[in-house]
Amino acid sequence: MGKINESFGGTDASTKAFADKISRKHNWTKAFALKAVQEYKKFIFLGVIGEFHVTPSKFIDVVWHEHILFTNAYNDFCKEIIEYRFEHYPELINLDTETEIYNAQYIKTLELYLREFEKLPPADIWVVTKFEKEKIMENFSNLKKRDKLKIYITATILTAMIMRCMKVLAAQK
């Protein structure tokens, strides 16, 4: 992950400027934006080492979009720093199967984070998914019993992870 950190410059002026731009554009605090950029670096690392398409949280997705907007810099980053074409695959059509795939990838991403960094992802950055609860619940009544069970289990796992994150945060204070 060293090359990725070097590319972003840690918390140097360019990283702070990028975080500042994000904070102004999305009405985030500067500290939150900087933390989101730091977590984005970890997400990129997971994407490079993962054997599946990693799925970001809503906040990391925002940082990713902002990075992609700097097209030449993003292309250079992919080619020269991570030596990997890190593609963004947005959900184009709101289908139950697509949402289910992204939700499963999101869980796998969180599990990979825990394995690689040996700690839970920060709840304030990772707990909000890209998928609106309303979108998922809208189609919930049309699902088969087996699919409802899968969603329930996924929600239970997410809730457990959130609770663990909250305990870790409380212990750090």
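The model is predicted: local features need pLDDT of at least 70, side-chain atom pairs count only at pLDDT 80 or more, and totals for chains, interfaces and linings use all residues. Residues are numbered from 1 along each chain as its sequence is written, and side-chain values use heavy atoms, without hydrogens and water.

**Exercise 1.** Find the residues of the largest nonpolar core that touch the most other members.

*Solution.* 
- A nonpolar core is a set of buried Ala, Val, Leu, Ile, Met, Phe, Trp, Tyr and Cys residues joined through side-chain atoms within 4.5 Å. Buried means under 20% relative accessible area, exposed over 50%, partly exposed in between (1.4 Å probe, protein chains only).
- The core has 30 residues; W28, Y40, F43, V63, F86 and W126 touch the most other members.
- At least two core residues come from each of α2 (13-26), α3, α4 (58-69), α5 (71-81), α6 (96-117) and α7 (123-126). Helices are DSSP runs (H or I, at least four residues), numbered from the N terminus.
- With nine residues, α3 gives the most.

**Exercise 2.** List the contacts of W126.

*Solution.* 
- Contact means heavy atoms within 4.5 Å.
- Set aside neighbours within four places in sequence; W126 then contacts E39, F43, T55, S57, I60, Y106, T109, L110, Y113 and P121.

**Exercise 3.** Locate N27 and E118, and decide whether each is buried or exposed.

*Solution.* 
- N27 sits in the loop between α2 and α3. Its phi is positive, near 60°, and N27 is not glycine. N27 is exposed, because its relative accessible area is 73%.
- E118 belongs to the loop between α6 and α7. Its phi is also positive, about 55°, in a non-glycine residue. E118 has 71% relative accessibility, so E118 counts as exposed.
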